[in-house]
Amino acid sequence: MPTALITGASRGIGRRTAELLAQRGWNLLLTARSADQLEQLAAELSAKGVSVATAAIDLTQPDGIAAALAELLQRGATPSVLINNAGAAYTGDLLAMPLERWQWLLQLNVTSVMQVFSAVVPAMR
């Protein structure tokens, strides 16, 4: 069966995508910040007869991303699909946004996307 790697898989769109792929027999490599939520989801999805490997990765912390993904890839099958789902929005006054929040959003929504595909896509080739 094919394998998908999904970031931000513990809730929302990422979780639902994981559930739908598991129903269709896909094996999964799942990441999110919350190890507890990931393990609960992995138990639910494994009961459907698919292989699920997880890694708690905080994509706002750039230094640990590549190593954590390399370890996850070693524990699971090579993904044929990468779903860079993790992300966040800022809904306040943009002019009042602290620079630290702006940098946090850029790391999560832009830079980490590049870091994830740089770590994962070479294995997919």
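Some 20 residues line the largest pocket of this predicted model, with Gly8, Arg11, Arg33, Ala86 and Gly87 lying nearest its centre. A pocket here is an open set of points on a 1 Å grid over the protein atoms alone, where a 1.4 Å probe fits, with protein on both sides within 12 Å along at least five of seven lines; lining residues have an atom within 4 Å of a point. The pocket's volume comes to about 390 Å³, taken as the space filled by probe spheres set on the points. By class, the lining splits into 8 nonpolar, 9 polar and 3 charged residues, with Gly counted as polar and Asp, Glu, Lys and Arg as charged. Helices H1 (12–23) and H4 (99–124) each put in at least two lining residues, and H1 gives the most, with 3. Helices (H or I, at least four residues) and strands (E, at least two) are DSSP runs.

Now the sheet: 4 strands form an open, parallel arrangement in the order S3-S2-S1-S4, where pairing takes at least two DSSP bridges. S3 (52–56) and S4 (81–83) are the edge strands, each pairing on one side only. S1 (3–6) and S4 pair over 3 bridges, and Leu5 has Leu82 as its bridge partner in S4. H4 packs on the sheet, touching S1 and S4 (contact means heavy atoms within 4.5 Å), and its direction makes about 170° with that of S4. Angles run from 0 to 180 degrees between N-to-C directions of axes fitted to C-alpha atoms, for helices over the stretch in contact.

As for bookkeeping, residues are numbered from 1 along each chain as its sequence is written, and side-chain values use heavy atoms, leaving out hydrogens and water. Because the model is predicted, local features need pLDDT of at least 70 and side-chain atom pairs count only at pLDDT 80 or more, while totals for chains, interfaces and linings use all residues.
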